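Please keep the viewer open while you read.

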Amino acid sequence: MGSLLPPLLCSLLVSTLFGTSHALDPPRKGLDGGWTAIEDLKDPHVREIAVSKHNKLEKTNLTLRKVEGGESQMVAGMNYRLVLEVLTVGGWTPIKNISDPDVGEIAEFAVAEHNHEASTNLTLCKVVKGDTQEVAGINYKLVLEAKDGGVGVVSEYEAVVWEKTWEHFRKLTSFELLETH
């Protein structure tokens, strides 16, 4: 039994304190006390702060999907104001934006891996719909339209890909032709 809630888009304000003097730190962009946009939203430090601090303070078990935006503020330490997309543990959650480049990359991987495993010649046409599920990583269940290069027929397939981004790991766990009515 899992949650069928969509990925949560939430705002989070996190403060971190450092034991060093800012006088010794290299100069930073922006003014002390002012908010500055975070340039690299994929920075591992930002990603670690994003959910781990929230989970610890709120005693939750959210998993970070994506840092959508954020700002930092230098005070007696650093404040971070972040907009996050997070997943809840358990059930399948619909993917809001199937045009997201990350979803396209997963779909391309699924077709390429299926071609390799089954000695087929499918070409991805489009992602029709998809869901995610938090496990030890994330399962992506995608309905894909793919064209058979030998026959030229476009059919729908359901692919499930297991991904652990922190380990740079992906595995195609199933790839099935869907019946057409």
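## About the model

This is a predicted model, in which local features need pLDDT of at least 70 and side-chain atom pairs count only at pLDDT 80 or more, while totals for chains, interfaces and linings use all residues. Residues are numbered from 1 along each chain as its sequence is written, and side-chain values use heavy atoms, with hydrogens and water left out.

## The largest pocket

Rolling a probe the size of a water molecule over the atoms shows where empty space is left. Here a pocket is an open set of points on a 1 Å grid over the protein atoms alone, where a 1.4 Å probe fits, with protein on both sides within 12 Å along at least five of seven lines; lining residues have an atom within 4 Å of a point. The volume is the space filled by probe spheres set on the points, which are joined across faces, edges and corners.

The largest pocket has a volume of about 810 Å³. Its lining has 27 residues, and Arg47, Arg65, Glu163, Thr165 and Trp166 are the ones nearest the centre. Elements giving two or more residues to this lining are α1 (44–58), β3 (63–75), α2 (101–118), β6 (122–135), β7 (137–148), β8 (154–164) and β9 (169–177). The largest share, five residues, belongs to β3. Helices (H or I, at least four residues) and strands (E, at least two) are DSSP runs, numbered from the N terminus.

By class, the lining holds eleven nonpolar, five polar and eleven charged residues. Nonpolar covers Ala, Val, Leu, Ile, Met, Phe, Trp, Tyr, Cys and Pro, charged covers Asp, Glu, Lys and Arg, and the others, Gly among them, are polar.

## Helix α2

With 18 residues, α2 reaches 25 Å from its first C-alpha to its last, close to the 26 Å expected at 1.5 Å a residue (1.5 Å times one less than the number of residues). Its buried residues (under 20% relative accessible area, with a 1.4 Å probe and protein chains only) are Val103, Ile106, Ala107, Ala110, Val111, His114 and Asn115. These pack against β3, β6, β7, β8 and β9 (contact means heavy atoms within 4.5 Å).

## Two loop residues

Most residues other than glycine have a negative phi. Ser119, in the loop between α2 and β6, has a positive phi of about 50 degrees although it is not a glycine. Ser119 is exposed (over 50%), with a relative accessible area of 67%.

His168 sits in the loop between β8 and β9, and its phi is positive too, about 55 degrees. His168 is also exposed, at 76% relative accessible area.
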